[in-house]
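Please view the sequence and the model together while reading.

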Amino acid sequence: MRGRRKSSRFFFTTELVLRLFAFGKRFFTMPSRGWNILDFVVVSMQWFEEMFAAANIGKPGSSFPVPMTLMRMVRILRLVRIVRVVRLLRYLAELRTIVVSIMASMRPLVSTIVLLLLVVYIVGCYFT
């Protein structure tokens, strides 16, 4: 688990640094600046979390306790990394179509499963 986090942090940091060098000052002013800022915040939070873990900050018995609300917020912001994956879907039209189709079919699928479970329950009650 830790190795996977390190490799993803390395990959995302490398990507961010390359884009910063490629776009320069335009990185924060171009039309897709919202995504760029999100990427910058997420990668920064990954590095802050790693520094907190290395310094043993915020853990019980540490010499520098951090308020628990801050640590909770850091952990919740880790979920923002999922948005990075969703961002890639705009580049892959076919994959996006498949994902949208699967998400649209979830409601009928759940309805069908509920109906089948109801039939199994009724048949089970009838024969017992």
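Which residue forms a salt bridge with D39, and how far apart are the closest N and O atoms? The partner is R19, and the closest N and O atoms of the pair are 2.6 Å apart.

## Basis of the report

This is a predicted model, in which local features need pLDDT of at least 70 and side-chain atom pairs count only at pLDDT 80 or more, while totals for chains, interfaces and linings use all residues. Residues are numbered from 1 along each chain as its sequence is written, and side-chain values use heavy atoms, with hydrogens and water left out.

## Salt bridges

A salt bridge is a side-chain nitrogen of Lys or Arg within 4 Å of a carboxyl oxygen of Asp or Glu. Two salt bridges are found in a search of the whole structure. One of them is the pair R19 and D39. R19 lies in helix 1 and D39 in helix 2 (residues 33-55), so this pair ties together parts that are 20 residues apart in sequence. Helices are DSSP runs (H or I, at least four residues), numbered from the N terminus.

R19 also meets the side chain of E15 in a salt bridge, at 3.9 Å from N to O. Both R19 and E15 belong to helix 1 (residues 2-23), where they are four residues apart, about one turn of the helix.

## Burial and the network

Relative accessible area under 20% is termed buried, over 50% exposed, and in between partly exposed (1.4 Å probe, protein chains only). R19 is buried at 15%, and E15 is partly exposed at 21%. D39 is buried, with a relative accessible area of 0%. Through shared partners, the salt bridges join E15, R19 and D39 into one network.

## T13 in helix 1

T13 is another residue of helix 1. T13 counts as buried, at 17% relative accessibility. Apart from neighbours within four places in sequence, T13 is in contact (heavy atoms within 4.5 Å) with V43 and W47.

## The loop residue Y91

Y91 lies in the loop between helix 4 (81-88) and helix 5 (93-127). With a relative accessible area of 57%, Y91 is exposed.

Technical notes
Helix = DSSP H or I, 4+ residues; strand = E, 2+ residues; numbered from the N terminus.
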